[in-house]
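Student: I have this structure open and I want to go through it. Please keep it brisk.

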Amino acid sequence: MKKIFSLVLTMLILIPFNVHARVVGTNSGGAYGTITVEEPDSGWSGSEATGFSVTQTYTITKSKSEYLYFTLLPTNNVSDLVVLASSGFSTVVNVKNSDGSVSIILKTNNDQPVSSKTEIFTVTAKIVDPSKKECKIDYMPGSLQCLELNGNYFDKNGKKITETEYKEICEGYVPDDPTDPDEPLPPDIPENPKSGSVIPYVAVGGGLIAIAGLYLFSRKSNKMYRL
């Protein structure tokens, strides 16, 4: 009997336990194909004594180049965002901005664009007030076209270049819509060619809905509820 018990215990230890995740946001179309945001079914981690945190996993289905550019914002009831690249990527830029947002540029380890559904990074944030039972994080896919960020320079096609090349190529250049670099921006939308262009997205409840803006641009975010 002891041998049988030991064998069953060993098998249980060796069996991999999958952490089930639920989709809290999706957005289709644009330079990154379908962006999907997931978090564990168990919801927030931690306790009243130690504090709670939420973790999200982001995947995309394609990219125009081997470089990816996103900004994450702590919109409601979250703070101290930590963004970590997934195993297939290296971090080129990971900078915390004055508003608490985090801007990241990642590079694929195989130097190739993303061509199928791929996990790109995880985001962990502290819950400010657990009694509110919900929180929200905005994410903004950004254009690499003529982007200058933290000493890194990119040309009109999102390829990494030198500062000298950047000044020659990008002076006066207005980046296209970052949701689809093949489409031009609507008229009269000001852009800073030094900082690149960014368009935010907002997830409401368990799904994402587009909120029409002046030029049909919108913000989406991920609203998470404590389970």
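**Working through the chain**

Student: Start with C135. Buried or exposed?
Tutor: C135 counts as buried, because its relative accessibility is 0%. Buried means under 20% relative accessible area, exposed means over 50%, and partly exposed is in between (1.4 Å probe, protein chains only).

Student: Before we go on, what kind of model is this?
Tutor: This is a predicted model: local features need pLDDT of at least 70, side-chain atom pairs count only at pLDDT 80 or more, and totals for chains, interfaces and linings use all residues. Residues are numbered from 1 along each chain as its sequence is written, and side-chain values use heavy atoms, with hydrogens and water left out. pLDDT is the predictor's confidence in each residue, from 0 to 100.

Student: OK. Where does C135 sit?
Tutor: C135 is in strand 10. Strands (E, at least two residues) and helices (H or I, at least four) are DSSP runs, numbered from the N terminus. The C-alpha atoms of C135 and T75 are 7.8 Å apart, although 60 residues separate the two along the chain.

Student: How many disulfides are there?
Tutor: A search of the whole structure finds one. Here a disulfide is a pair of cysteine sulfur atoms within 2.5 Å.

Student: Which cysteines form it?
Tutor: C146 and C170, with sulfur atoms 2.1 Å apart. C146 lies in the loop between strand 10 (134-141) and strand 11 (148-149), and C170 lies in helix 2 (residues 163-170), so the pair ties together parts 24 residues apart in sequence.

Student: What is the handedness of that link?
Tutor: Left-handed, with -80 degrees about the S-S bond.

Student: And are the two cysteines buried or exposed?
Tutor: Both C146 and C170 are buried. For C146 the relative accessible area is 0%. C146 also has a positive phi of about 50 degrees, although it is not a glycine.

Student: How many bridges join strand 12 to strand 13?
Tutor: Two bridges join strand 12 (residues 152-154) to strand 13, and the strands run antiparallel. Y153 has I161 in strand 13 as its bridge partner.

Student: What about strands 7 and 8?
Tutor: Strand 7 and strand 8 form a hairpin with five residues between them. G100 in the turn has a positive phi of about 90 degrees. Seven bridges join strand 7 (residues 89-96) to strand 8 (residues 102-108), which run antiparallel. N94 stands opposite I104 in strand 8.

Student: What does T71 touch?
Tutor: Contact means heavy atoms within 4.5 Å. Leaving aside neighbours within four places in sequence, T71 is in contact with S101, V102, S103, D138, Y139 and M140. The side chains of T71 and S103 also make a polar contact of 3.1 Å. A polar contact is a pair of N or O atoms within 3.5 Å; within protein, one must be able to donate a hydrogen and the other to accept it, and residues adjacent in sequence count only if both atoms are side-chain atoms.

Student: Where is T71, and is it buried or exposed?
Tutor: T71 lies in strand 5 (residues 67-76). T71 counts as buried, because its relative accessibility is 6%.

Student: Which elements have the lowest and highest mean pLDDT?
Tutor: Strand 15 (residues 207-208) has the lowest, at 29, and strand 8 the highest, at 97. Over residues 7-19 the pLDDT is below 50. Residues 181-221 also stay under 50. The mean pLDDT of the chain is 75, and 67% of its residues reach 70 or more.

Student: Last one. How many helices and strands are in the chain?
Tutor: Two helices and 16 strands. Of the 227 residues, 44% count as buried.

Technical notes:
Two strands pair if DSSP finds at least two bridges between them.
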